[in-house]
Amino acid sequence: SCSYSSASKAFLFSLYNNNGYNPVKLTQYRNQQNAMYHCYNFGPVFGISNDIRISDNALSNSGSYTSCGGTYSVPSGYSAGNCGFFTGGRSFTPTDIEVFYEIVV
């Protein structure tokens, strides 16, 4: 089933950004219980308002998008919903995405 989950140590990091914006780390600042969304019919989703959502078959469509500020912070100079620093627009086709998770032993 599809559901949100918390991840107290989760954050978003972007190394390469539009227009030469510096690398940025976005930490959780609200709605931590909605840090990640798991669903069988699309890729990883982070944040309650789809701060970053990766679509199914992401390399062959532009259905992935960003809508910052729902759970993760936005960099200085940007407001919630405005994620232009990532790709220059809301929708995008990803070229590189890495998702890591910690295994507690």
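A disulfide here is a pair of cysteine sulfur atoms within 2.5 Å. With that in hand, a few notes on the structure.

1. Ground rules. This is a predicted model, in which local features need pLDDT of at least 70 and side-chain atom pairs count only at pLDDT 80 or more, while totals for chains, interfaces and linings use all residues. Residues are numbered from 1 along each chain as its sequence is written, and side-chain values use heavy atoms, with hydrogens and water left out.

2. Disulfide pairing. The structure holds two disulfides. If you number the bonded cysteines in sequence order, the pairing reads 1-2, 3-4.

3. Cysteine 2 and cysteine 39. These two are joined with an S to S distance of 1.8 Å. The torsion about their S-S bond is about 50°, so this disulfide is right-handed. The pair links distant parts of the chain, 37 residues apart: cysteine 2 sits in the segment before β1 (3–5), and cysteine 39 in the loop between β4 (36–38) and β5 (45–46). Strands (E, at least two residues) and helices (H or I, at least four) are DSSP runs, numbered from the N terminus. Cysteine 2 is partly exposed, at 30% relative accessible area, whereas cysteine 39 counts as buried at 16%. Buried means under 20%, exposed over 50%, and partly exposed in between (1.4 Å probe, protein chains only).

4. Cysteine 68 and cysteine 83. Here the S to S distance is 1.9 Å. Both cysteines lie in the loop between β7 (64–66) and α1, so the pair ties together parts that are 15 residues apart in sequence. Cysteine 68 and cysteine 83 are both buried.

5. The core. A nonpolar core is a set of buried Ala, Val, Leu, Ile, Met, Phe, Trp, Tyr and Cys residues joined through side-chain atoms within 4.5 Å. The largest one has 16 residues, of which Leu12, Leu26, Tyr72, Phe85 and Phe86 touch the most other members. At least two residues of this core come from each of β3 (24–27) and α1 (84–87). Beyond four places in sequence, tyrosine 72 has contacts (heavy atoms within 4.5 Å) that include Phe11, Leu12, Leu26, Ala35 and Phe46.

6. Serine 14. This residue is found in strand β2 and counts as buried, with 8% relative accessibility. Setting aside neighbours within four places in sequence, serine 14 is in contact with Pro23, Val24 and Phe86.
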